[in-house]
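Have a go at each one before reading the solution.

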Amino acid sequence: MLIEKLNDGFKMKTIGDEKFLNASLPGSVYSDLLKNHKMEDPYYRDNELSALKLMHWNASLEIVAAAGKKIGIDITTYFPDANTFYDDLGNKNFDIAMYSPSAAGISNPWTRAYGLLSSSYNKIKTQTIGNFGGYANARVDKLLELIPHETDKAKLKANYTELSKIYLTEVPSFSLMYRPEVFYTVNETI
């Protein structure tokens, strides 16, 4: 039997950096940045503010802004405090917003679809629940009504397929996932 230890030899880097830094698993990007003296201790005095700039939400927004710039769209990033963010989101005070909808597992993808697409939220003047862009489509609302009650697997698959097609072709939204602790950690010994 061959036993291979996978807890040594990991390295990480930031997008655009040439040099890899030593990384530890189990661990996190932030603990490895601390070990490599690339960030100050976020628990010391006001260092939390500088550490927040390294968080994946902020990095994700900067990546989106850079990608937009490459295709001629000027996106200015804005990192308000949580109260301001949710106030702006709930009152539709944005042109583009980054928000993580309710998680949906393989057993309940309906939750995410409802949160992103249901026009029932559009009746609420100020809200922090879902469909912040005000999307409305009667067929989508009907599918969202049918899906949780459908027991026939073929019909359920057809409903989800139709819902997905509508989302991918009509909804001014896109999914963004940026997880450097997963995607930019490698083991060069394997």
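**Exercise 1: the overall layout**

What pattern does the chain follow, read along the sequence?

*Solution.* Keep in mind that this is a predicted model. Start by counting elements: there are eight helices and three strands. Now walk along the sequence, and you get β-β-α-α-α-α-α-α-α-α-β. Next, check the burial: of the 190 residues in the chain, 24% are buried. Finally, look at the contacts between residues at least 6 apart in sequence: 44% of these join residues at least 24 apart.

**Exercise 2: the buried side of H6**

Find the buried residues of helix H6 and work out why they line one face of the helix.

*Solution.* Step one is to go through residues 138–146, where Val140, Leu143 and Leu144 turn up as buried. Step two is to look down the axis of H6: the buried residues fall within an arc of 100°, so they line one face. Step three is to ask what lies over them; the cover includes helix H5 (110–117) and helix H7 (153–170).

While you're there, check the start of H6: a side-chain oxygen of asparagine 137 comes within 2.7 Å of the backbone nitrogen of arginine 139.

**Exercise 3: H6 against H7**

Describe how H6 and H7 pack, then list the residues that meet.

*Solution.* Two packed helices are described by the angle between their axes and the distance between the axes. For H6 and H7, the angle is about 145° and the axes are 10 Å apart. The crossing of H6 and H7 is left-handed. Now for the residues: H6 brings Arg139, Val140, Leu143, Leu144 and Leu146, while H7 brings Asn159, Glu162, Leu163 and Ile166. Sort this contact by class and you have six nonpolar, one polar and two charged residues.

**Exercise 4: one leucine up close**

Is leucine 163 buried or exposed? Which residues is it in contact with, leaving aside its neighbours within four places in sequence?

*Solution.* Next, apply the cut-off: buried means under 20% relative accessible area. Leucine 163 has 3%, so it counts as buried. Beyond those sequence neighbours, leucine 163 is in contact with Ala113, Leu117, Val140, Leu143, Leu144 and Ile147.

Conventions. Residues are numbered from 1 along each chain as its sequence is written. This is a predicted model: local features need pLDDT of at least 70, side-chain atom pairs count only at pLDDT 80 or more; totals for chains, interfaces and linings use all residues. Side-chain values use heavy atoms; hydrogens and water are left out. Buried means under 20% relative accessible area, exposed over 50%, partly exposed in between (1.4 Å probe, protein chains only). Helices (H or I, at least four residues) and strands (E, at least two) are DSSP runs, numbered from the N terminus. The arc is that of the directions from the helix axis to the C-beta atoms. Contact means heavy atoms within 4.5 Å. A polar contact is a pair of N or O atoms within 3.5 Å; within protein, one must be able to donate a hydrogen and the other to accept it, and residues adjacent in sequence count only if both atoms are side-chain atoms. Axes are lines fitted to C-alpha atoms, for helices over the stretch in contact, and angles run from 0 to 180 degrees between N-to-C directions. A crossing is left-handed if the near helix is turned anticlockwise from the far one by less than a right angle, and right-handed if clockwise. Ala, Val, Leu, Ile, Met, Phe, Trp, Tyr, Cys and Pro count as nonpolar, Asp, Glu, Lys and Arg as charged, and the others, Gly among them, as polar.
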